[in-house]
Amino acid sequence: MNLSEKTVCFPNLGLTFQNVGKTIDIFGYEIAYYGIIIALAMACGIALLLHVAKKTGQDDDQYFDVSLITIIIALLGARIYYVVFSWEYYKDNLWEILNFRGGGLAIYGGVIAGMLTVWIYTRVKKRNFGQFADTICVGLVLGQIIGRWGNFFNREAFGGYTDNLLAMALPKEAVRAGEITQEMLEHIKVADGVEFIQVHPTFLYESLWNLALLFFLLWFTSRKHFHGEVFLLYLTGYGIGRAWIEGLRTDQLLLPVIGIPVSQALSILLAVTSALIIAVRRRRERNQKKDEPNRKPESTD
């Protein structure tokens, strides 16, 4: 087997993928696999949320309409979020802000912009935001599961050195130099003249974590106690997983001055806040049920 700079391996699983390119040529035009996967993720996410909307007796046409609007705003939000926390680079390369083909999207920026769009939509249409958020978040999770595989083709969003079961080996020349740590270099391996670094496949960790989260949310949808609870559980579950995974990555966006990974800090904040809101709402509900038997029936005189 001839290894090259397009090879991606999972040595402890015995898996080797040859000729993993970053783009595909269609009629002479280079299209990034990342873009194809993101488009597929969006389509699958919309299909799932429309299915859930219909299954729960809601108007799926409204969800289709809001999805089209939300996707555009979410992409802009994801880009703005990334640019803001990578301003040291973009301040001297302003035109690169518009270069979406060069990469640079942050999921939290998309989630924030997307849910703000949904909130405005539900206010205008006089719908229940919590119910919409519950339905949309399952499609969002599926989109994240699929979308993360764009990082596989781009050889990005990986963690530091590891030799665990899921360890991934990447050609050193195929990744950005700034994401290679000293520990990776100390454990570098050479095969067929190609230098490989071995890393945590954090994109895979997040994809698997979100897959488990998706199954849980779908199961819980018919068991929720109030509108918005499924969405809050999404924020809690995703936040816990992302906080751990973000700590492994070598391409973190950092908060100015304090240098803490912004996505890790935001994940912890969202997870804790959402869990507290659920606990408060559940406790209030229990207290209301306890009080009901003690209430005196209204007089009919």
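I'm working on a predicted model, where local features need pLDDT of at least 70, side-chain atom pairs count only at pLDDT 80 or more, and totals for chains, interfaces and linings use all residues. Numbering starts from 1 along each chain as its sequence is written, and side-chain values use heavy atoms, leaving out hydrogens and water.

**Overall.** I find ten helices and seven strands (DSSP runs: H or I of at least four residues, E of at least two, numbered from the N terminus). The C-alpha trace spans about 95 × 40 × 40 Å along its principal axes. Of the 301 residues, 43% are buried (under 20% relative accessible area, 1.4 Å probe, protein chains only).

**Helix α9.** I checked the length of α9, residues 229-246: its 18 residues should span 26 Å at 1.5 Å a residue, and the end C-alpha atoms sit 25 Å apart, which agrees (expected span is 1.5 Å times one less than the number of residues). Because 16 of the 18 residues are buried, α9 is largely enclosed by the rest of the structure.

**α1 against α5.** How do α1 (residues 33-55) and α5 (residues 129-147) pack? I get an angle of about 155° and axes 7 Å apart (lines fitted to C-alpha atoms over the stretch in contact, angles from 0 to 180 degrees between N-to-C directions). The pair is therefore roughly antiparallel, a label for angles over 145 degrees. Among the residues that meet are Ile37, Leu48 and Val52 in α1 and Ile136, Leu142 and Gly143 in α5 (contact is heavy atoms within 4.5 Å).

Notes:
Buried < 20%, exposed > 50% of the residue type's maximum accessible area, 1.4 Å probe, protein only. Parallel < 35°, antiparallel > 145°, perpendicular 65-115°, else oblique.
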